[in-house]
Amino acid sequence: MTFLAPARADALEAWLGHLKSLDGRAEATLTAYRTDVLGFLAFMAQHSGGDAGIAQLGRLKITDMRAWMAHERGRGLSARSLARALSSVKSFIRWLADREGFDPTAILSTRAPKFTKKLPRPLSEQAARDVISTVELQAREPWVALRDTAVITLLYGCGLRISEALSLKGSDAPLASVIRIRGKGGKERIVPVLPTAQQAVAAYMQACPYDLQGPQALFRGVRGGPLSPRLISKVMEQTRMQLGLPATATPHALRHSFATHLLNAGGDLRAIQELLGHASLSTTEAYTAVDTARLMDVYEKAHPKA
């Protein structure tokens, strides 16, 4: 583990604790933040000749930041990963500056490297239906086939993240026509559940050999423990190979497909944003593969001056 001076180590842990308790950040997110900021602080301590105090961070200049970024690129970090690391560092320094009273302008004004954002590739409506009807063929045991079908149906039918589907408890079932989902950052949203999804979950529950009542995980592995996301990813991989679909046909692509197909059918972008649990509308727009003609049609129908 990277060694930090006590003051910096304490500041880092205090910041992470703040994010966890007040912002409800997921453990995986906190781990990524810790890794990013640790690397930055370790580099700056060496770069500044061993000065590892808090005050030294307030004296950093743009040239120091550029040196860190060049070092990260030199060790093979991609532009996308470096942009994420810089975002983590800025968040930490902004919090620390407010707490310690120094000027963070040099760090906060550092520009992230440019990179091409990978746009999501949703499945066609027919491909999504084919996935749901084919996924059961990948399992040897009937109840496992019903389980996988239920999970995949929830991902596409409700636009859930795989972590959200697998976080459902036995006490959440039988699923009502609407369910409350806790998403990223602990934010809750209400999600309608199609009868098809309700029926798929009910069929799985009836066939599952384990007791699904109470606070335990609704979806179980073959040994009775909580179902691993990796297993669903593997099932999806087998299914897409059987159907001849591209490698982009992942469990998360079903969430993209949910959003895109709703918008194509005339759904309101703001409503879809709420269903997906996005804080920013721009994030929802990236989830939707709609052509320009379709967007112009929505604009002309919705704009008050159209």
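Start by selecting T149: at 15% relative accessibility, this residue counts as buried. Buried means under 20% relative accessible area, exposed means over 50%, and partly exposed lies in between, with a 1.4 Å probe and protein chains only. T149 lies in helix α8. Helices (H or I, at least four residues) and strands (E, at least two) are DSSP runs, numbered from the N terminus.

You are looking at a predicted model, where local features need pLDDT of at least 70, side-chain atom pairs count only at pLDDT 80 or more, and totals for chains, interfaces and linings use all residues. Residues are numbered from 1 along each chain as its sequence is written, and side-chain values use heavy atoms, with hydrogens and water left out.

**Stop 1**

Show what surrounds T149. Leaving out residues up to four places away in sequence, T149 touches I132, V135 and E136. Contact means heavy atoms within 4.5 Å.

Now select T153. This residue is also found in α8, which covers residues 142-158. Is T153 buried or exposed? It counts as buried, because its relative accessibility is 6%. Beyond its neighbours within four places in sequence, T153 is in contact with I132, C158, T196, A197 and A200.

**Stop 2: α8 against α12**

Axes are lines fitted to C-alpha atoms, for helices over the stretch in contact; angles run from 0 to 180 degrees between N-to-C directions. From α8, select I152, L155, Y156, G157 and C158; they meet P251, L254, R255, S257, F258 and H261 of α12. This contact divides into 7 nonpolar, 3 polar and 1 charged residues. Here Ala, Val, Leu, Ile, Met, Phe, Trp, Tyr, Cys and Pro count as nonpolar, Asp, Glu, Lys and Arg as charged, and the others, Gly among them, as polar.

**Stop 3: the cores**

Select I152, L154, L160, Y204, L218 and F219. Of the 39 residues in the largest nonpolar core, these touch the most other members. A nonpolar core is a set of buried Ala, Val, Leu, Ile, Met, Phe, Trp, Tyr and Cys residues joined through side-chain atoms within 4.5 Å. Which helix gives the largest share of this core? The answer is α8, with 9 residues. Apart from this core lies another, of 31 residues, including A11, L16, L19 and L30.

Go to L218. Not counting residues up to four places away in sequence, L218 touches L168, K169, G170, A173, V201, Y204, M205 and L212.

**Stop 4: a cis bond**

From A173, step to P174. A cis peptide bond joins A173 and P174, with omega about -5°. P174 lies in the loop between α9 and β1. Most peptide bonds are trans.

**Stop 5: α7 and α11**

Select residues 125-134 (α7) and 229-243 (α11). The two helices pack at an angle of about 115°, with axes 10 Å apart. D130, V131 and T134 of α7 make the contact with M236, T239, Q242 and L243 of α11.

**Stop 6: α5**

Select α5, residues 79-100. Its 22 residues should span 32 Å at 1.5 Å a residue, and the end C-alpha atoms are 30 Å apart, which agrees. The expected span is 1.5 Å times one less than the number of residues. Just after α5, G101 takes a positive phi of about 80°.

**Last view: the whole chain**

Zoom out. The chain has 15 helices and 2 strands. Of its 306 residues, 41% are buried.
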